[in-house]
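This briefing is intended for a reader who will inspect the coordinates directly.

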Amino acid sequence: MKDRSVECNPLGEPTVLSEAEIEAVGLKSHVSPPSICTKIKKIRCSCSLAKSLLFKYIPILRWLPRYPVTEWLLGDIISGFSVGIMHLPQGLAYALLAGLPPVVGLYTAFYPVLIYFFFGTSRHISVGEQRMLEQETLSGPFAVISVMIGSVTDSLEPTGKFMEMVEVNGTNITLVNETRRDAARVELVTSLTFLVGIFQIALGLLQFGFVATYLSEPLVRGYTTAASIQVLISQLKYVFGVPVEEYSGPLSLIYTFVEICARLPQTSVGTLVTALIAMVFILLVKILNDKLGKKLPIPIPVELLTIILSTVIFSFANLDRFGISSVGDIPSGMRPPKAPNVNYFESVVGNAFAIAMVGYVICISLGKTFALKHGYSVDSNQELIALGLSNFVSSFFQCYSISCSMSRSLVQESTGGNSQVAGMVSCIILLVTILKIGELFRELPKAILAAIIIVNLKGMFKQFNDICSLWRSNFGDLLIWLVTFVATILLNLDMGLGVAVAFSLIMVILRTQTPHYSMLGQVSKTGIYKDIAEYHKAEEIPGVKIFHSSATVYFANADMYAEAIKKKCGMNVDRLIEKKKKALKKQHKKDKKEAKKAKKIASNTKQASGSGINNIAFVEIDMETNIQEPGGDQKGCDTIMTEPNGSVKDRGPPVNLQPQSSCTPTLESLGLEKPPFHSLILDFSSVNFVDTVCIKTLKNIFKDFREIEVDVYLAGCHDSIITQLEKGNFFSETITKHHLFASVHDAVTYISMIHAENVLQMNTVSSHTFLFIQLETILLDDHTWTYA
C-alpha cells in the first residue's frame, strides 16, 4: 500500500490515520525492556527500602500506631467477646469433624488468630477452625477444611489400625485404643498443617496470589455443597449412635452411607433423642436471632448455651446408662511446641496443596467482600503470607489448618468490630477456656456437637438453588457446578477438587475455541458497528466486509478463525483460488502456443517481405507479445504505446487500482467472477494477545484474499498486539502498518475514500485508452496505405 499524506478536516485536524501515520504523527518511541543486569543494579539496600518491606510484611506496624482508641476500642472488645464465645463450641465440634481430639479445636481457635493479628490485612474476617455459613442471604464457606483434614486422617490413620484385644470380665473383646489413635492423628495433622503453611508462604512471597482466580465461584459453590453432604453423612454415626467402619478413596462416601443405613436397626435411642432435641433447640434460637437481629446487641450464643446445658444435664442426671457417648477427657493447659513428623510429608503433600488453595480462596474472597464494604484494601499476597504463617507456626502447637469463618466474621462486623484487636480479645477468652474451663466439658455428648454441625449446614444446602439460577443464566457454569459436585461426592474431596479444576480449565479452552463470530454493519450512519444478525438497523458497507470474533486468536482456535472468515464472507475462497490457478495454468499454455506461432509468422514474414513490411510486422509482434507471461517478474512492468512514427514509448507504471499489478491477469481477464466485495476488515478489538500460530494464520488470510483481489485490514489493535506482530515478523513489503487502523470506522472511512479515488482514476484511464485505440487504428491504416 503506498504512502499518502495525512488528510485534514476544515479545522486542520487529521481525520483518518493508519497505524504507520499515527506513529509518525505521534512520534512513537521504541523503548526496549530493561535487561536483567539493569534490574539487579536497581536492587540496593537502604533504610527506606528496609522500612517499606517491614511495613509491608508486618502490617501491624502500620495500623496499630494510628489505632483510634476512643472510637474503636469499645466496639472491638464487645465484638471480640462475642466471637470468643462462638469459638468454644465451634472448636470442639469441628475438631470432631476433622477426626481429632476436641482440645485440638480449642488450640486451633487460639494460635492462628494470634498470629494473624500481626500479619493479616483484613480488619473483619475471623480466622480459626472454619465453619459453615448460617445466614440465608449470604453465601460462603463452611467447614470444608475440617472435612478435608478428616478425609486425610481417615485414610492414613484409620481406626481399624488401632484395634486391640482387651479382656473384660474374663472375655476378650476388640476395642479401639483411642489414645494411640488420637496421638497418631495429631502428629499426622500437624505435618499436614506445616506443609500447608509452607505452600502458602512460598506462593505469597512469589506474588502468586492470583492463582485463586482459577477457582471460579461455580466451582467453589459446587465443591462446598458436595462437602456439606460429606459433613452430613460423617455426622450421622454420632446422631444414631452406631459404629461405622471408616472408608477412604473413591466411593468412600457411598460405602459409608450404605453401612449407616444397614446399621439403623442398632440405633441408640438415647443418642438419637439427644441429637434431635439439640437440633430443634438450636434451630428455633437461630430463627429468633434472625427475627430480632437488629434489636439484640449481640446474637444469642445458642451453640454455647447448648453445650453448657447439655454438659450440666449429663453430668448430674447420670445418663450414661443410655449408651450416649461423650467427648471424654479434655486436658487443661498449653502443650509445649513440637516439630512435625517429616515421615508424613510424602503422603500428604498433595492434600496440603489442595487445602492451601481452598483455604486461601475462601479467605481472600471474604476479606475482599468486607474491604469493599468498609472502604479499605486487602493485599492478596500478604493475606496468603499471613495464612501461611498462621498455619506454619500453629503446626508446632498441635493445631490443624485454618481459614476464615463467614459466620464469625459477620458477627464480628455486626457487633462493632473495626480491626484485628477484636481477634486479640477473642484469643484472651479462649486462653482462659483452655487453661481453666475446657476440662469441665468432658461429659459433653458427641451427639450435641454433631447436632451443632448439622444445623449449621442449613445455609449450605440452599446452594442447591444454584442449579436453577445457572440453568437460566449460564449453562457452562452449570456444567462446572454439577461436575464439581458429582466428582467430589464420588471421588472424595482431594481428587474431586483436581477434577473440578481440570474441567474448569477445559471449559475455558472450549469457550475460546467456540467464540461468537459475526459480520458487523454500520448503525444508522454512525461510527458504531454491530452484528447485522442482531441489529436490524445495522447495514453492511457496500463492497466491505467487517468480521468480528468475541475471543482472542491463538493456536487453539486460529484455524477455526480463518475458516469462519471465509464462511461468513458468503463465498468459497479456496475454490475461487483453485479456479484461478487452473485458469492461469491454461492461460500460460495458451500464451506459450501463441508466442511460438507469432515467432514463426514473424520469421516467414521477414524472409518474404522488405524492410517496410518488416517494421510493421515487428510492431504487431511487439503488440501481441507485450503481455507478460503468468508467474514472471512483475516488477518494472510498464504500459507501452505506439508513437505516430511507429516507435514504442513507455508510459510509466499503471494506476494501482488493486493490490495486484495491472500486468497480472485479473479474475475478469481469466473469465472468473469477482467477489462481491473489495475489502475485508478484521476487528481485533477483543484480541488481547497473539502467538506465532495466529501470526501465520493472519499472513495466510492476507495472502488468500489478495489472490482474489480483496484488500485486508486490521482494526482496533492494541499497542501490545502491534508489538507482538512486529516481533513475530508479521509486517513485510505487502503487509505494512498502513493496513492497521485504530478503529473499524477509521478503516471504513479510508476504504471508502480510496475506492472513490480508484473509481475516478479507472474512469479516466478508460477514456484515455479508448482515444488511444482510435488513434492507433487510424495511424496503422494510414501507414498501410502509404506502403501500398
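**Backbone angles**

- Most residues other than glycine have a negative phi, and most peptide bonds are trans.
- N492 has a positive phi near 80° although it is not a glycine; its place is in helix α20 (residues 475-513).
- The relative accessible area of N492 is 9%, so the residue counts as buried, the limit being 20%.
- N729 likewise is a residue other than glycine with a positive phi, near 55°, and it lies in the loop between α25 and β13.
- N729 is exposed, because its relative accessible area of 57% is over the 50% limit.

**Helix α9**

- Helix α9 covers residues 217-240; at 1.5 Å a residue, its 24 residues should span 34 Å, and the distance of 35 Å between its end C-alpha atoms agrees with this.
- Because 18 of its 24 residues are buried, α9 is largely enclosed by the rest of the structure.
- G241 follows α9 and has a positive phi, near 70°.

**Aromatic contacts**

- A pair of aromatic rings is described by the distance of the centres and the angle of the planes.
- The whole structure contains 27 aromatic pairs.
- One of these is the edge-to-face pair of F702 and F730, with 5.7 Å from centre to centre and 80° between the planes.
- This pair links distant parts of the chain, 28 residues apart: F702 belongs to helix α24 (residues 692-707), while F730 is in the loop between α25 (719-727) and β13 (740-741).
- Both F702 and F730 are buried.
- The rings of F741 and Y750 are 5.1 Å apart at their centres, and their planes meet at 35°; the pair is therefore tilted, since this angle falls between the limits of 30 and 60 degrees.
- F741 and Y750 are both buried.
- A single aromatic cluster comprises W63, Y67, W72, F117 and F118.
- K737 lies over the face of F731, at 5.7 Å from the ring centre.

**Overall organisation**

- The protein has 26 helices and 13 strands.
- Of its 788 residues, 46% count as buried.
- Among contacts with a separation of 6 or more, 79% are between residues 24 or more positions apart.
- The protein exposes about 40,200 Å², of which carbon and sulfur atoms supply 62%.

**Confidence of the prediction**

- The mean pLDDT of the protein is 79, and 80% of its residues reach 70 or more.
- Over residues 130-142 the pLDDT stays under 50; the model has 67 contacts beyond four places in sequence for this stretch.
- The pLDDT is also below 50 over residues 612-662, a stretch with 60 contacts in the model beyond near neighbours in sequence.
- Where pLDDT is low, the predicted coordinates should not be read in detail.

Definitions and conventions:
Residues numbered from 1 in each chain as written. Predicted model: local features only at pLDDT ≥ 70, side-chain atom pairs only at ≥ 80, totals over all residues. Heavy atoms only, no water. pLDDT = per-residue confidence, 0-100. Contact = heavy atoms within 4.5 Å. Phe/Tyr/Trp six-rings, centres within 6.5 Å; stacked < 30°, edge-to-face > 60°. Helix = DSSP H or I, 4+ residues; strand = E, 2+ residues; numbered from the N terminus. Buried < 20%, exposed > 50% of the residue type's maximum accessible area, 1.4 Å probe, protein only. Lys NZ or Arg CZ within 6 Å of the ring centre and 35° of its normal. Expected span 1.5 Å × (residues − 1). Areas by Shrake-Rupley, 256 points an atom, 1.4 Å probe, with all protein chains shown as cover.
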